[in-house]
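Dear colleague,

Please read the notes with the coordinates open beside them.

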Amino acid sequence: MASSRKVLELFYDVVSPYSWLGFEVLCRYRHVWNIDLKLRPAFLGGVMQSSGNKPPGLVPNKFLYMTKDLERLAQYFKVPLSSPSNPFEAMFEKGSLTAMRFVTAVAEKETGGDAQVEKVSRELWMRIWSKDQDITQPASLIEAGLKAGLSASEIDELLKLAQSQPIKDKLKANTQKAMGYGAFGFPLIVCHVDGKPEAFFGSDRFELLAHCIGEKWVGPQPNKPSAKM
Ligand SMILES: N[C@@H](CCC(=O)N[C@@H](CS)C(=O)NCC(=O)O)C(=O)O
């Protein structure tokens, strides 16, 4: 019954590989758990700045650990994650502001669900965190949009919309919303339980999250529970 569904908000940025893992898991579980998943594209750079946090990859040993961690997680989660050849350039020099404005524009245009936001986000992650491809240039966004099934004219309109003030403001508002839930990094998953928000940081809290919403965690591939480790 729609009314008994628990609302889960996923705040994410495609610059964040851990967000990709959380995103794929929740997209799989949205058909398994009694949840209403809301995708909330936001800007990790803004969260870092507002919270006074620093990207963990800036500590050399953490960076080495995360590179190894992500390799193992890619296997476990069955997500084709592979670090870009120059992660510093991809994450900190080029960043994701343009890409996240584009995703925000897709979200604003889409009515009756978020299938397009899901597909476009995935295609952008495929570019930056799987194929070592750019996500900052218009041509890159066009390619991602086409792969996600949008038409050339829709993409053209979205690219223009992405540069508009209302879309810039909307991305800021989503980022501020995450800050309101205490964000210091992504992914941030906010579960609304009995009218109260419960915020979880990371893609490694699903067992606890499931417990909090009264659902069962059966591993990262709920339709193939035998594949869990
Ligand atoms: N342990 C978390 C790590 C998530 C994580 O490191 N997220 C990065 C972005 S990719 C972040 O925002 N980190 C902030 C922090 O660690 O303080 C997981 O497994 O998902």
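Trp125 is buried (under 20% relative accessible area, where exposed is over 50% and partly exposed lies in between, with a 1.4 Å probe and protein chains only), because its relative accessible area is 0%. Phe23 is likewise buried, with a relative accessible area of 0%.

Please bear in mind that this is a predicted model, in which local features need pLDDT of at least 70 and side-chain atom pairs count only at pLDDT 80 or more, while totals for chains, interfaces and linings use all residues. Residues are numbered from 1 along each chain as its sequence is written, and side-chain values use heavy atoms, with hydrogens and water left out.

A search of the whole structure gives 12 aromatic pairs, where rings of Phe, Tyr and Trp (its six-membered ring) pair if their centres lie within 6.5 Å, and planes under 30 degrees apart count as stacked, over 60 as edge-to-face and the rest as tilted. The pair of Phe23 and Trp125 is tilted, because the ring centres are 4.7 Å apart and the planes stand at 55°. This pair links distant parts of the chain, since Phe23 lies in helix H1 (residues 17-29) and Trp125 in helix H6 (residues 115-129), 102 residues apart; helices here are DSSP runs (H or I, at least four residues) and strands likewise (E, at least two), numbered from the N terminus. Ring pairs also join Tyr12, Trp20, Phe23 and Trp125 into a cluster.

Phe206 and Trp217 form a stacked pair, with 5.3 Å from centre to centre and 15° between the planes. Phe206 counts as buried at 2% relative accessibility, and Trp217 counts as buried at 19%.

As for pockets, each is an open set of points on a 1 Å grid over the protein atoms alone, where a 1.4 Å probe fits, with protein on both sides within 12 Å along at least five of seven lines, and lining residues have an atom within 4 Å of a point. The largest pocket has a volume of about 990 Å³, taken as the space filled by probe spheres set on points joined across faces, edges and corners. It is lined by 45 residues, of which Ser16, Tyr18, Pro56, Met66 and Phe186 are the closest to its centre, and helix H3 (60-77) gives the most to this lining, with 10 residues.

The second largest pocket holds about 300 Å³ of space, and strand S2 (35-41) gives the most to its lining, with five residues.

Best regards
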